[in-house]
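Let's walk through how the parts of this protein are held against one another. Please keep the sequence and the 3D view at hand as you read.

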Protein chains: 2
Amino acid sequence: MCANALARAGASVRIVDKRAEHVLAGQADGIQPRTIEVFQSYGLAERLLKEGNQMHMAAFYNPSPDGGIERTGRTADAPAPTARYPYKVTLHQGAIEQIFLDSMAKEGLRVDRQTVPTSIKLSTDEAELKDPQAYAVTVVLQHLDGEPGQDTEIVRAKYVLGSDGAHSWVRKTFGITMVGEQTNFVWGVVDIIPDTDFPDIRNRCAIHSHNGSCMVVPREGNKVRLYVQLTGETSAVDRETGRVDRSRIGPQELMQVAKKTFYPYRIDADRFDWWTIYIIGQRVASKFSAQERVFIAGDACHTHSPKAGQGMNASMNDTHNLAWKLAYVLRGWADLSLLKTYELERRKYAQELIDFDKKFSALFSGKPRTKDNQHGVSHEQFLEAFNAYGGFSSGTNVHYPPSAIVNDAHQQLASNLVIGERMLPHAFICAADARPFDVQDFLPADARFKILVFLGDISNSQQTARVQKLAEDFASPKSFYRKFGGEDPSRVFDIVSIGSGSKDQVNYTDVPLGLRTHWSKILLDDTDMFARNGGGGYDKYGIDSLSGVIVVVRPDGYVGMVAPFEGLTTIEAYFAGFIKAQ
Amino acid sequence: MCANALARAGASVRIVDKRAEHVLAGQADGIQPRTIEVFQSYGLAERLLKEGNQMHMAAFYNPSPDGGIERTGRTADAPAPTARYPYKVTLHQGAIEQIFLDSMAKEGLRVDRQTVPTSIKLSTDEAELKDPQAYAVTVVLQHLDGEPGQDTEIVRAKYVLGSDGAHSWVRKTFGITMVGEQTNFVWGVVDIIPDTDFPDIRNRCAIHSHNGSCMVVPREGNKVRLYVQLTGETSAVDRETGRVDRSRIGPQELMQVAKKTFYPYRIDADRFDWWTIYIIGQRVASKFSAQERVFIAGDACHTHSPKAGQGMNASMNDTHNLAWKLAYVLRGWADLSLLKTYELERRKYAQELIDFDKKFSALFSGKPRTKDNQHGVSHEQFLEAFNAYGGFSSGTNVHYPPSAIVNDAHQQLASNLVIGERMLPHAFICAADARPFDVQDFLPADARFKILVFLGDISNSQQTARVQKLAEDFASPKSFYRKFGGEDPSRVFDIVSIGSGSKDQVNYTDVPLGLRTHWSKILLDDTDMFARNGGGGYDKYGIDSLSGVIVVVRPDGYVGMVAPFEGLTTIEAYFAGFIKAQ
């Protein structure tokens with residue numbers, strides 16, 4: 001994610017991996033709704049959706065009076081009604097990696113494999129550390145496939161990211177600690193093509209049985225992943241090191257546990273694609289960087305249960321957050337301080353993730369409520385938690401706190417467009433040709449700030465005058481647009497104007513040129529010709545349909561600030577907080 | 001279209017073209033809604049939609065009192081509410097050809113270029129002509145790039161298709177005449193990137209001005225095609241031969257005519273991508289084949305005005321209709337008589353197309369109604385015709401008459417699913433995982449008949465018994481399914497079962513195995529988890545939601561027949577009319 005984003009932004013990137021090949025099976029596989037939106041912003045969602053399985057529905061099974069299980073309900077698997085893609089995608093990690101590898105390759109970037117860092121050091125020169133353009137980090141790389149004596153290489157880098165997993169060498173090297181605890185929950189995972197009469201095998205299922213718990217995750221093709229909770233078998237796992245004694249347990253044993261959980265339904269498999277066993281740890285790194293020169297992301301920063309399918313999503317969104325900031329610093333547009341917002345935003349999120357995971361996985365791993373166990377977890381409790389956390393686990397409610405890049409002073413002007421959250425998807429039509437688009441189609445991850453000018457009603461003459469004035473203000477050399485955009489503001493900003501009028505009446509040519517860079521960049525809050533998409537966007541966002549508002553969306557798709565037409569100085573102050581005047 | 005479809009069906013195909021390269025600019029460019037559906041059935045719509053422009057809106061301009069033009073209205077450009085894609089796509093012919101060339105290449109088929117036929121002969125042996133597997137046609141090919149003396153080749157073919165345009169050599173060789181007339185309407189076409197203040201430049205526009213008529217067709221990127229009606233300039237065109245004297249007229253002159261039509265709006269262009277001039281002919285070939293061994297398609301069969309953007313669509317749909325029939329005959333599954341339905345269905349359509357075109361282009365080319373010309377065409381007349389013909393021009397109402405492959409005896413059992421028309425698109429959800437699909441996603445152009453079993457309400461025990469009985473009937477060796485499907489009916493048939501129940505209750509496992517070939521092939525008439533798609537399909541189709549019905553969809557996506565559960569003998573009789581028992 002990070003290498004691809006930086007390569008797309010034109011940065012010089014080197015990416016190394018110890019592995020000789022990319023992941024081929026198993027590992028992470030769940031993509032949450034917000035992450036699909038992020039993929040879309042990089043132009044990668046189409047392939048993801050084509051190759052992956054979609055999980056729309058979740059089913060819940062609980063102990064039945066006759067000793068088996070029975071379905072207690074079905075519900076939306078991604079209870080996130082604001083999601084553009086209101087479902088999850090499952091696809092094995094190797095296929096997801098390949099999507100990124102192919103995208104990077106288009107930028108000329110490939111992974112240097114069988115390569116490990118053996119030493120990483122920050123410059124001891126304070127001035128160098130504070131110079132965003134200095135090569136302040138020295139890394140020694142060892143090429144595992146190199147000739148002895150010619151297998152080491154010294155790289156001087158401006159910035160380094162360690163995406164090196166739960167046992168992160170980068171994290172340990174900089175003495176960053178993990179805060180939190182190991183749990184007692186031991187789980188096994190196995191990927192199969194099932195032969196079964198279980199009616200919800202293509203839905204995500206939470207099964208709480210008399211004989212333990214199991215989670216069903218349907219996968220691409222006919223594959224299914226089963227997560228089973230282990231009890232007696234846990235002696236095969238060393239609780240100190242987390243290592244599994246593979247002579248004492250294997251996929252056959254995991255299937256035996258699953259079979260008991262599924263009873264009275266039958267489930268069989270004649271081969272295993274992949275399997276593993278682990279103990280859940282719930283920990284967050286104390287810091288996410290060493291002096292804003294070396295960063296860590298993903299499992300290196302946070303470990304938690306896989307129950308809610310968060311891991312890969314949390315990790316990819318870490319560097320989606322970091323990449324544009326690095327790009328701005330590397331271009332000389334922003335100071336090092338911008339990079340502090342990475343830890344601010346993503347560590348807050350990671351803490352919330354662990355809190356969520358503690359509650360959610362305790363519910364999941366807890367004993368179900370039965371006649372004999374009135375203190376167990378009831379279906380209602382589970383469902384309530386499942387739905388209450390839907391927005392968080394789907395990623396659509398992730399909220400970044402106020403900072404240099406999140407200014408919520410004018411929140412009331414777009415009351416339902418939460419500043420610090422991702423721009424709410426909604427369908428609008430193109431004023432020039434009535435073609436429907438989602439507003440997110442205008443928010444590609446191209447490292448530009450999107451200036452969404454909600455024009456209001458330009459059939460009203462007073463509003464037309466305000467819009468005209470706004471266009472003149474944008475054109476002024478003193479405006480934020482020119483001050484931070486320089487000679488060619490389109491490098492930094494992209495203006496999209498959105499009117500509240502009707503497609504029968506509005507002409508895209510009515511929008512003054514200063515707020516209209518291309519015919520395709522004027523939208524209308526109206527339905528398409530057959531009322532299948534669009535309409536009601538101003539209301540949904542809580543924006544006044546007469547007087548409009550300006551919404552600043554960050555390069556990562558999060559709402560950075562909102563301002564009235566007469567508040568361009570507020571916008572200037574916002575950008576002055578982290579961007580240098582050109 | 002034909003070569004690609006046949007290659008996909010596993011036929012041995014040779015395709016030759018006189019041209020050294022595929023078309024690079026201009027030519028046909030409009031894809032109608034039904035044709036997009038057909039592209040989708042070949043897996044080609046995604047690329048078409050990505051590369052093409054979408055025309056959603058049409059605008060109408062008429063003479064204004066001050067001597068210029070004024071907008072009299074906007075409406076849907078494709079007035080076809082049943083369309084899955086309710087808009088047109090414009091993309092230059094070269095890009096469309098490339099989509100097919102790439103698809104064919106996947107099947108190992110490439111165009112032999114710089115190759116022309118010099119002779120084509122049918123066998124004089126009656127027995128050979130009647131043997132579907134005989135190589136009854138002899139074609140002599142000349143390779144324009146071959147060495148003299150080694151540049152001819154004799155090809156013996158089972159069947160030959162001439163897609164060789166309005167001046168078809170194949171048609172002339174077999175003495176097939178064109179019935180109809182040349183008109184007096186002379187039009188010029190020019191492709192430009194406009195510099196304009198015209199507010200509807202990205203909509204399809206019909207402009208009727210004091211100074212002539214013009215049609216605006218926005219294209220991919222920023223391109224626009226202008227069709228202008230020529231009056232004084234027509235002496236540059238020889239009415240006998242249709243040839244244009246390019247020394248007397250060119251794109252600059254066409255732009256001068258356009259500029260007058262657009263007044264008071266300004267339109268300029270500094271270069272011309274492509275241009276042409278033509279006289280409209282409205283003719284249909286007297287026959288579409290010579291003894292069902294040599295066929296003609298496209299402009300070889302029908303010529304008409306380009307005003308309604310029909311040409312490429314009519315042509316591609318000709319061979320979409322023919323290809324599966326040829327495949328069945330080539331496989332030995334059907335007799336030559338099946339091929340007669342090509343002319344039956346497509347010549348009827350071509351006649352309707354010419355009738356439509358006469359009315360439509362007369363309206364378009366006629367003088368507008370003004371104060372001084374009360375007999376001219378009023379905006380209301382034009383709009384009425386535009387909307388009335390929407391279904392026909394969009395291709396969604398194209399209707400094939402009763403024949404061996406269209407049996408409308410049980411029309412009342414699916415009253416809104418017109419037998420002989422394409423299967424109506426509608427969203428259903430997959431019963432196993434609640435994922436929404438359009439029913440057309442289950443109708444790929446894979447040369448199979450789709451057996452859509454509308455199961456009715458399987459929560460009703462009587463209906464469950466009927467469904468169970470139906471599954472047993474399908475499994476019987478005497479059933480149409482086994483009789484015409486043989487050992488592996490999936491070569492000929494694909495069963496999709498569609499229940500009327502609710503996603504909360506129905507289990508895909510409730511459908512008996514005889515009507516369930518895979519978990520993904522059970523659909524439900526219900527909304528998805530967020531009610532964004534689906535629901536109401538039984539009602540829309542006019543099918544009883546308790547008792548269901550069987551709908552047979554032809555390989556080209558047209559409804560062939562409908563039968564009640566107890567009417568399997570009717571289905572058997574239908575297939576016996578053109579398929580041989582296996």
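## Salt bridges overall

Counted over all chains of this predicted model, the salt bridges come to 82. One of them pairs Asp29(A) with Arg219(A), whose closest N and O atoms lie 3.1 Å apart. Asp29(A) sits in the loop between β1 (15–16) and β2 (30–31) of chain A, while Arg219(A) belongs to the loop between β15 (212–218) and β16 (224–230) of chain A, so this pair ties together parts that are 190 residues apart in sequence.

## Two domains in chain A

Where the two domains of chain A touch, domain 1 contributes 14 residues and domain 2 contributes 17 residues.

There is also a record to set beside this assignment. An unreviewed UniProt entry places the feature "domain: Phenol hydroxylase-like C-terminal dimerisation" at residues 398–581 of chain A.

## Where the domains meet

How much area do domain 1 and domain 2 of chain A bury between them? The value is about 1300 Å², with 48% of it on carbon and sulfur atoms. On the domain 1 side, Arg34(A), Trp324(A) and Tyr328(A) lose the most area to domain 2 of chain A, and together they account for 37% of what that side buries.

Turn to Glu37(A) and Arg422(A) for a salt bridge between side chains, at 2.6 Å from N to O. Between these two domains of chain A, 11 residue pairs are in polar contact, counting pairs with both residues at pLDDT 80 or more. On the side of domain 1 that touches domain 2 of chain A, the elements giving two or more residues are α2 (33–41) and α8 (311–330) of chain A. The largest share of that side comes from α8(A), with 5 residues. By type, the residues on this side of domain 1 of chain A divide into 4 nonpolar, 4 polar and 6 charged.

## Where the chains meet

Now for the contact between chains. Chain B puts 46 residues in contact with 46 residues of chain A. The size of an interface is often given as the accessible area lost when the parts come together. For chain B and chain A, the buried area is about 3500 Å², and carbon and sulfur atoms give 49% of it.

How many salt bridges link chain B and chain A? The count is 2. Lys50(A) forms a salt bridge with Glu46(B), and their closest N and O atoms are 2.7 Å apart. Across this interface of chain B and chain A, 24 residue pairs are in polar contact, again with both residues at pLDDT 80 or more.

On the side of chain B that touches chain A, α3 (45–51), β2 (53–55) and β4 (69–76) of chain B each supply at least two residues. Of the elements on that side, β4(B) gives the most, with 4 residues. The residues of chain B that touch chain A divide into 20 nonpolar, 13 polar and 13 charged.

Terms used: Residues are numbered from 1 along each chain as its sequence is written. Chains are lettered from A and ligands numbered from 1 in the order in which they are written. This is a predicted model: local features need pLDDT of at least 70, side-chain atom pairs count only at pLDDT 80 or more; totals for chains, interfaces and linings use all residues. Side-chain values use heavy atoms; hydrogens and water are left out. Contact means heavy atoms within 4.5 Å. Buried area is the accessible area (1.4 Å probe) that two parts lose on being put together, summed over both. A salt bridge is a side-chain nitrogen of Lys or Arg within 4 Å of a carboxyl oxygen of Asp or Glu. A polar contact is a pair of N or O atoms within 3.5 Å; within protein, one must be able to donate a hydrogen and the other to accept it, and residues adjacent in sequence count only if both atoms are side-chain atoms. Ala, Val, Leu, Ile, Met, Phe, Trp, Tyr, Cys and Pro count as nonpolar, Asp, Glu, Lys and Arg as charged, and the others, Gly among them, as polar. UniProt positions are given in the numbering used here, feature names are shortened, and annotations may be inferred rather than shown by experiment.
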